[in-house]
Amino acid sequence: MPIMPPKVLFTTVYKNDPEPYDYIGSNARSKWFRFRWPRIQSFGLRFLKQNIPEIEILEYPTFEEYKKRLSEGWDVVGFSFYLNETCEILEMADAARASGKVGEIWAGNYGALTPQIQDKFDRIFEGYAEGAVAPYFGRKIEQNQVLHPPLIEYLGTPFNKKLNIYGIMFTTRGCGVGCKFCQTPKFCNRPHPVPLESLERVISYYKDHEINVVLIEDENFGANRRHADKVVDLLDEYGMVWGCMARADYLRKKIPEWVEMRTRPDSATGKKSQRVQGFAGAAIGIENLHQDKLDDINKKEGTEDVLETVRLLQKYGLGTVGYYMVGFPEDTRASLKTDIRDLANLKLDITQICIMTPLPQTKLWDELDGAYGIFEEDWHKFDMKHLVWNHPNIPPAEMEEILSWSLKRVYNRLTPLRTSFRVWANAYRYAGFAGMKEVASYVSRANRFDFNPEKPWLLEPGAR
């Protein structure tokens, strides 16, 4: 008799709230109109499902839905989670053991890096797990063989109206920069390029489904410069609008080149023809506006270099997303008011502001715990929006008040209007009324697409 493959279920944290996590909402305090960017899928689980189709995945179920799946019986139940989801994951792990219908309990993703909880699981996976899980099914997957799944999301409004549909893409996974606040050096400190053949397949999938916008979510797009150049050529070949997360020093050199690609000569006539496709903007880790603080967290970038890159993006009418931290040991209420005023004056489209939060197995954890002490024991508070260590100048409640004020300051009621105007003006700038018509078509595409998360979008099986 043939050997039956093991039954494996990988799940995210349960979520009884019907509203999905909203990335923009978590970084805005506007009571007026704002954009929404809901998290409706787990990128990590979809990578696993694409590469190991025998597994089952469950994304943001209610607790009752999760218990119902447990009753089916599994050789393995695995959890993919973040640190602030730890309490719920431990509850789910206890339910799996109590069911009597589960063999082993596994854990992965960044939440699994926490030493204090690792004895709750039979197996811990550090880093991207396709290669480690594949042998369980009698196969081998190398990093240069990983298949990229379709990852489709949307930008919306609080009124259930979708404004845009886009495909997510990871061209490399991992980061070797080594900022001391980041867990990635422990998770995966050697960036691994995703094969170009796999990237082209997923870009082609997006194009076939009328998705013309791609967001590159690498932690550091351009870590492999040659690979990044080939990715840009692929996006240009398929006529995609795209943006990326990248270091300022890399972006500053590439922005003029990428903008020029919008006006390449027509192969038939030799004349330059403008088009709406091409590079549309970038996300940058600003982190702080003081050089001594950037040096302290091992950012390896200059403050003025970062600001110059922001100015260059805005010069060309491109989108700007900035990541920023408050709550450095030297910060005071007065100094932060000045800093946030300067940050707001940058007029970014989206500004993510986080309270400095030590994460397990980072240099920042060791330094802050040793110098000041980490007092918080509730993992929910390790969400970058709460103070979890003994700050010398600002108590926790006051820090949260400062964060709320800061988010209102950088994301006021004019911000979404300013962003909307820039998008339409840029479309007209590059392609006239045809460009504006193209942007308008995104709305209809987004609202007629089936975003049902219960049926993950997968590429058809093909040669690995």
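# Briefing: cavity, strands and salt bridges

The lining of the largest cavity divides into 7 nonpolar, 3 polar and 2 charged residues. The model is predicted. Strand β4 (residues 102-108) is mostly covered. The count of salt bridges comes to 28. Glu210 has a positive phi although it is not a glycine, and Lys347 also has a positive phi without being a glycine.

**The cavity**

- Rolling a probe the size of a water molecule over the atoms shows where empty space is left.
- How many cavities of 30 Å³ or more does the structure hold? The structure holds 1.
- The largest cavity contains about 60 Å³ of space.
- Its lining is made of 12 residues, and those closest to the centre are Asp236, Trp242, Met261, Gly278 and Phe279.
- Two elements, α7 (225-237) and β12 (278-287), each supply at least two residues of this lining.
- Which element gives the most to the lining? Helix α7 does, with 3 residues.
- By kind, 7 of the lining residues are nonpolar, 3 are polar and 2 are charged.

**Strand β4 and its neighbours**

- Is strand β4 mostly covered or mostly open? It is mostly covered, with 5 of its 7 residues buried.
- Strand β3 (residues 74-80) pairs with β4 in the parallel sense, over 6 bridges.
- One of the bridge pairs joins Trp74 to Val102 in β4.
- From β3 the chain crosses through helix α3 (residues 86-99) to β4, and this β-α-β crossover is right-handed.
- Strand β5 (residues 123-124) also runs parallel to β4, and 2 bridges join them.
- Ala107 stands opposite Ile124 in β5.
- In a regular strand the side chains alternate between the two faces of the sheet.

- Where does Lys101 lie? Lys101 lies in the loop between α3 and β4.
- Lys101 has a relative accessible area of 43%, so it counts as partly exposed.
- Lys101 and Trp74 are 27 residues apart in sequence, yet their C-alpha atoms are 6.3 Å apart in space.
- Trp74 is the residue whose bridge partner in β4 is Val102.

- Side chains of opposite charge can pair when their charged atoms come close.
- Glu398 and Arg333 meet in a salt bridge through their side chains, at 3.3 Å from N to O.
- Arg333 is partly exposed, because its relative accessible area is 31%.
- Glu398 is partly exposed, at 22% relative accessibility.
- Glu401 is partly exposed too, with a relative accessible area of 45%.

**Other salt bridges**

- Glu376 forms a salt bridge with Lys381, and the closest N and O atoms are 4.0 Å apart.
- Lys381 has a relative accessible area of 28%, so it is partly exposed.

- Most residues other than glycine have a negative phi.
- Glu210 is not a glycine, but its phi is positive, at about 60°.
- Glu210 is found in the loop between α6 (196-208) and β10 (213-216).
- Is Glu210 buried or partly exposed? Glu210 counts as partly exposed, because its relative accessibility is 40%.
- Lys347 has a positive phi of about 55° and is not a glycine.
- Lys347 has its place in the loop between α11 and β14 (350-355).
- Lys347 is exposed, with a relative accessible area of 53%, since exposed means over 50%.

Key. Residues numbered from 1 in each chain as written. Predicted model: local features only at pLDDT ≥ 70, side-chain atom pairs only at ≥ 80, totals over all residues. Heavy atoms only, no water. 1 Å grid on protein atoms, 1.4 Å probe; cavity = no way out; pocket = protein on both sides within 12 Å on 5 of 7 lines; lining within 4 Å. Points joined across faces, edges and corners; volume = space filled by probe spheres on them. Helix = DSSP H or I, 4+ residues; strand = E, 2+ residues; numbered from the N terminus. Nonpolar A, V, L, I, M, F, W, Y, C, P; charged D, E, K, R; others polar. Buried < 20%, exposed > 50% of the residue type's maximum accessible area, 1.4 Å probe, protein only. Pairing = 2+ DSSP bridges. Right-handed = clockwise from strand over helix to strand, strands pointing away.
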